[in-house]
Amino acid sequence: MKASRQQSIIQLLSDCDGLTTDALAEQLAVSKETIRRDLKGLQQQGKIVRHHGRARAIHPDNRDGGEPFGARLKSHYADKVDIAHRALDWVSSGMTLALDASSTCFHLARQLPDMDLTVFTNSLPICHEMAKRERITLICTGGTLDRKYRCYVNPALISLLKGVEIDLFIFSCEGVDEQGDMWDPAEHSALFKTQLLRRASQSLLLIDKSKFQRASEVKIGSLSQVTQMITDAHPSRR
């Protein structure tokens with residue numbers, strides 16, 4: 001019955017732009033708690049996205065629904081620049097940093113001084129920015145360029161990381177849901193962050209207020225894995 005019910009949920013969501021938990025419970029004649037458990041399972045399978053009490057289906061031809069890098073760079077611009085500036089307090093000479101391909105990390109890269117650092121990244125824009133700093137050692141993951149996200153996808157990432165000791169991994173994500181799970185729209189992006197969270201001695205999440213109570217297609221991990229978070233969100237909104 002569970003499999004049949006979840007299939008019915010997918011069908012209902014596929015026929016519209018999204019439905020609330022209440023609406024699904026009413027249409028399927030089950031409790032809201034049952035629907036929430038079903039939606040959580042479907043979300044973990046990468047079949048739906050939940051946001052502010054609503055759910056929508058992810059169509060097979062549109063599983064990578066994230067915004068292009070250029071659009072993200074303009075979104076919440078001032079907030080991201082300020083969050084990135086606050087992250088500079090975590091950076092000191094001699095460190096090896098890992099930066100993801102987020103727009104917030106790019107704002108951080110633009111503010112990094114030319115100092116004795118090693119920067120490991122999969123971001124093409126950050127690579128271009130670091131190339132301007134003579135004292136910073138740049139390690140790029142290389143691989144196939146994803147033009148939408150302006151990042152490199154390298155299936156040999158795990159092997160590459162074996163030769164790099166990361167002091168601090170700085171990253172952002174598409175959203176953090178009610179359970180404290182972090183999400184991204186693309187599998188390769190989520191995989192990069194999952195691996196760096198495991199490898200780095202410390203981690204720093206840079207996240208603006210628009211990302212809370214929000215999920216996406218692929219789970220990265222839990223906030224409990226993160227050393228510290230820098231955000232502009234009021235505590236009651238997290």
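Reader: Hi! What does the accessible surface of the chain come to, and how much of it belongs to carbon and sulfur atoms?
Author: Hi! In this predicted model, the accessible surface of the chain is about 11,600 Å², with 48% of that belonging to carbon and sulfur atoms.

Reader: Thanks. And how many of the residues count as buried, as a percentage?
Author: Buried residues make up 49% of the 238 in the chain.

Reader: Let's switch to charges. How many positive and negative side chains are there?
Author: There are 32 positive and 29 negative ones, and the centres of the two sets are 2 Å apart.

Reader: What about cysteine 173?
Author: Cysteine 173 is in no disulfide either, as its nearest cysteine sulfur, in cysteine 105, is 11 Å away.

Reader: Are those two, cysteine 127 and cysteine 173, buried or exposed?
Author: Cysteine 127 counts as buried at 8% relative accessibility, and cysteine 173 counts as buried at 4%.

Reader: Back to the fold, then. How many helices and strands are in the chain?
Author: The chain has nine helices and 14 strands. Its radius of gyration is 19 Å, close to the 18 Å from the globule rule for 238 residues, so the chain is as compact as a globular protein of that length.

Reader: And what box do the C-alpha atoms fill?
Author: Roughly 65 × 40 × 30 Å, along the principal axes.

Terms used. Residues are numbered from 1 along each chain as its sequence is written. This is a predicted model: local features need pLDDT of at least 70, side-chain atom pairs count only at pLDDT 80 or more; totals for chains, interfaces and linings use all residues. Side-chain values use heavy atoms; hydrogens and water are left out. Buried means under 20% relative accessible area, exposed over 50%, partly exposed in between (1.4 Å probe, protein chains only). A disulfide is a pair of cysteine sulfur atoms within 2.5 Å. Helices (H or I, at least four residues) and strands (E, at least two) are DSSP runs, numbered from the N terminus. The radius of gyration is taken over C-alpha atoms; the globule rule is 2.2 Å times the number of residues to the power 0.38. Accessible areas come from the Shrake-Rupley method with a 1.4 Å probe; for residues, only the protein chains shown count as cover. Lys and Arg count as positive and Asp and Glu as negative; His and the chain ends are not counted. The place of a charge is taken as NZ of Lys, CZ of Arg, CG of Asp or CD of Glu.
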